[in-house]
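Good morning. I will take a few minutes to walk through one structure, so please have the sequence and the model open.

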Amino acid sequence: MFDPDIAPSGTLLGLLQRGRGDGTLHALAAPRAEALAVLNDCVLRDPRRDWQVENRSLYYARLYMQLDGGLEEIERHLFHPDDLLDTGEERTGLALAVLGHLAAYGRDAARLLLRSYAAAGSNWRWALDELALRDDDAGLMSLAPAVLARFPATEQGEAELAAAVRDAFEPRPWRMWAEDPRYGARLSAAGEQGSFDRWQRQLRPRGPRPGWSVTEVLQWAQEGLDLEPAEHRYLAAARCLGAVVAPEDRPELLRAARSGPEAARAAALHHLAERGDPDALDLIEDAATCPFSSEPLVSAALASFERMRSVAAVERARVWAPRADRLGASAAAILARRGAQRDAELVLAALRRTVREEGPDADGLWELVDGTGRLGVACAAPVLRHVYRETSSSHLRGRAAAALAATDPGFAAGFAVECLWDCEETTRELAALHAATGDARVVEQLRRLAADPAEEAEVQTAVRSRFGPDASAV
């Protein structure tokens with residue numbers, strides 16, 4: 001996870017960093033040089049809070065195409081000397097993904113740049129995966145000597161090659177190379193070794209195992225904290241308890257959940273909560289509110305509570321939701337997921353409190369935003385609009401948009417229009433279903449999305465649903 005420096009939402013940089021549809025619209029209206037400078041800044045300094053799940057690459061690639069942007073800045077970034085020192089995927093992953101989309105759009109320069117980086121760059125695996133999806137056979141075959149030269153003909157080199165073949169996200173290049181007589185014997189051996197390694201990992205016991213009694217399982221959970229580094233075993237221990245606990249073991253579990261060591265207490269709490277034990281809620285409250293409870297224990301207790309599905313858990317959540325602490329936040333999240341219409345005020349109050357105290361990127365907002373939409377809390381629209389505009393998480397913005405679609409009558413003619421250009425496909429799909437077609441930009445963008453081969457099938461299906469039997473006119 002990153003903690004990027006995000007510009008204010010009212011600036012072009014802030015809009016593009018967030019991946020908002022308004023970012024594209026403002027960039028196209030700004031001076032081209034300024035827009036390209038901001039776009040390059042976003043691509044070369046990944047602005048995503050979680051680069052592994054948030055989408056930006058297609059969003060930025062489309063803007064490069066619309067601005068007819070050059071690739072010189074990306075090339076300088078990829079082949080900067082820092083590439084030898086900072087080999088993490090997060091430094092170059094976004095730039096390589098953007099190049100992959102540009103190559104799919106027919107930009108030969110992007111394809112050539114990916115080939116050069118796959119041959120010489122530290123994040124060559126990512127570049128090779130992009131090429132595996134977009135390059136022709138001849139281009140991939142030309143990379144074989146450079147890629148295989150990375151693995152010397154030593155025992156360690158062959159082991160690293162086997163791991164690379166085994167873990168390849170896109171196997172197409174490796175399969176092609178294995179069919180070439182020049183590389184076939186080596187790659188066949190590497191493939192066999194990779195399969196053998198995978199089989200061995202499945203059979204090989206991983207670490208110590210607990211004994212098969214409640215006392216031994218709880219002791220095993222606690223022993224994990226004494227290791228270096230510590231192992232948090234309470235969830236695994238709770239699963240083991242499910243196999244060994246008998247009715248006569250309940251007193252021992254209650255003692256452990258009330259006053260046992262940290263990991264044993266967390267495991268017992270989780271087990272009791274999973275089974276809907278009548279004392280579980282009181283024990284969770286004690287663990288979550290005690291000033292002497294450690295942070296891991298509080299988190300484990302709250303996680304156990306949030307997994308409960310019983311009517312008693314929802315009833316207790318109504319009691320706890322007004323609290324201004326973490327227990328209250330967990331209770332509000334449960335009401336957001338499973339509460340009834342009468343819980344709308346509690347969910348809205350928690351949403352407002354979380355935004356006011358923790359800001360528009362607070363982790364607790366996800367459930368609350370979903371809950372206001374599920375419960376149709378119309379008066380939540382102002383705070384949902386604030387979250388939509390200000391959050392740096394494109395996933396949370398998409399959830400705010402879905403909640404606005406259910407609560408704000410002005411959504412179709414407002415935010416839904418800009419959502420057609422959003423970086424997240426689920427948000428574009430939502431917009432395709434709701435955006436008012438009275439705006440000429442909406443019809444034009446719907447047609448563009450329907451014709452774009454890079455667009456997700458779900459988005460294009462939503463677009464066609466707006467045009468009915470005349471879908472071909474899109």
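What you see is a predicted model, in which local features need pLDDT of at least 70, side-chain atom pairs count only at pLDDT 80 or more, and totals for chains, interfaces and linings use all residues. Residues are numbered from 1 along each chain as its sequence is written, and side-chain values use heavy atoms, with hydrogens and water left out.

First, the overall picture. The protein has 29 helices and zero strands; these are DSSP runs numbered from the N terminus, with helices being H or I of at least four residues and strands E of at least two. Its C-alpha atoms fill a box of roughly 70 × 65 × 45 Å along the principal axes. Of the 474 residues, 49% are buried, where buried means under 20% relative accessible area, exposed over 50%, and partly exposed in between, with a 1.4 Å probe and protein chains only.

Now the pockets. A pocket is found on a 1 Å grid over the protein atoms alone, as an open set of points where a 1.4 Å probe fits, with protein on both sides within 12 Å along at least five of seven lines; lining residues have an atom within 4 Å of a point. Grid points are joined across faces, edges and corners, and the volume is the space filled by probe spheres set on the points.

The largest pocket has a volume of about 920 Å³. It is lined by 35 residues, and Ala-97, Trp-126, Asp-129, Glu-130 and Phe-169 lie nearest its centre. Helix α9 gives the largest share of that lining, eight residues. By class, the lining of the largest pocket has 17 nonpolar, five polar and 13 charged residues.

The second largest pocket comes to about 470 Å³. Among its 22 lining residues, Arg-326, Ala-329, Ser-330, Glu-358 and Gly-364 are the closest to the centre. Helices α19 (295–306), α21 (326–338), α22 (344–358) and α23 (365–375) each supply at least two residues of this lining. Its classes are nine nonpolar, four polar and nine charged.

On to the interior. A nonpolar core is a set of buried Ala, Val, Leu, Ile, Met, Phe, Trp, Tyr and Cys residues joined through side-chain atoms within 4.5 Å. The largest has 89 residues, of which Leu-241, Leu-269, Phe-305, Leu-351, Leu-420 and Val-463 touch the most other members. Helix α17 (residues 262–274) contributes the largest share, eight residues. A second, separate core of 55 residues includes Ala-61, Leu-63, Leu-99 and Ala-144.

Let me stop at one residue in α17, Ala-267. Is Ala-267 buried or exposed? Ala-267 is buried, because its relative accessible area is 0%. Leaving out residues up to four places away in sequence, Ala-267 touches Leu-218, Tyr-234, Ala-237, Ala-238 and Leu-241, contact meaning heavy atoms within 4.5 Å.

Last, a contrasting residue. Asp-68 sits in the loop between α4 and α5 (72–78). Asp-68 counts as exposed because its relative accessible area is 55%. Although Asp-68 is not a glycine, its phi is positive, about 55°. That is the tour; thank you.

Methods. Ala, Val, Leu, Ile, Met, Phe, Trp, Tyr, Cys and Pro count as nonpolar, Asp, Glu, Lys and Arg as charged, and the others, Gly among them, as polar.
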